[in-house]
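Please keep the sequence and the model in view while reading.

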Amino acid sequence: MNQKCHLIIGSTGFIGSSLCKKFKNKENLFTISIDNKVKKENSRNHYKVDIKNFKKLSSIIKRLNFKYNKIIVYFLAGESSVERSISKPFISINDSIIQFHNLAFLLRDHNSIIVFASSGSIYDSRKGSYFNE
């Protein structure tokens with residue numbers, strides 16, 4: 001069994017695609033995104049999956065857990081449109097909660113770390129925003 005792997009969820013976004021470039025060893029780098037905009041150098045261990053789909057995400061986590069002692073997850077998936085998060089805030093928040101819940105639930109019994117980062121919808125110019133930092 002190998003030591004650890006890195007799983008980047010939201011690998012085609014701004015932060016995710018930049019993070020993929022930082023990894024020298026692509027053998028233990030795995031990526032998940034909802035679209036096909038994957039750069040060729042990151043496509044080897046890529047899964048096109050909507051992480052709200054519990055069954056598909058579970059299958060990926062089980063495969064990684066079988067092969068690796070530790071899974072380091074970079075959770076970078078989220079609503080990329082500030083406009084959509086404003087016009088449909090409950091859908092946007094609900095999607096984010098389902099995604100994170102699925103991931104946390106599947107990793108609860110595994111040796112894992114979740115690193116969360118976001119841009120776009122979290123930062124906007126509204127007063128009385130959902131997020132106060």
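Rings of Phe, Tyr and Trp (its six-membered ring) count as a pair if their centres lie within 6.5 Å; planes under 30 degrees apart are called stacked, over 60 edge-to-face, and the rest tilted. A search of the whole structure finds six aromatic pairs. The model is predicted, so local features need pLDDT of at least 70 and side-chain atom pairs count only at pLDDT 80 or more, while totals for chains, interfaces and linings use all residues. Residues are numbered from 1 along each chain as its sequence is written, and side-chain values use heavy atoms, with hydrogens and water left out.

One of the pairs is formed by Phe-54 and Phe-105, which is tilted, at 5.9 Å centre to centre and 55 degrees between the planes. This pair links distant parts of the chain, 51 residues apart: Phe-54 lies in helix α2 (residues 54-67) and Phe-105 in helix α4 (residues 89-107). Helices (H or I, at least four residues) and strands (E, at least two) are DSSP runs, numbered from the N terminus. Phe-54 is partly exposed at 33% relative accessibility, and Phe-105 is partly exposed at 36%; buried means under 20% relative accessible area, exposed over 50%, and partly exposed in between (1.4 Å probe, protein chains only).

Phe-100 and Phe-116 have ring centres 6.5 Å apart and planes at 90 degrees, so their pair is edge-to-face. Phe-100 in helix α4 and Phe-116 in strand β5 (residues 112-116) are 16 residues apart, and the pair links distant parts of the chain. Phe-75, Phe-100 and Phe-116 form one aromatic cluster.
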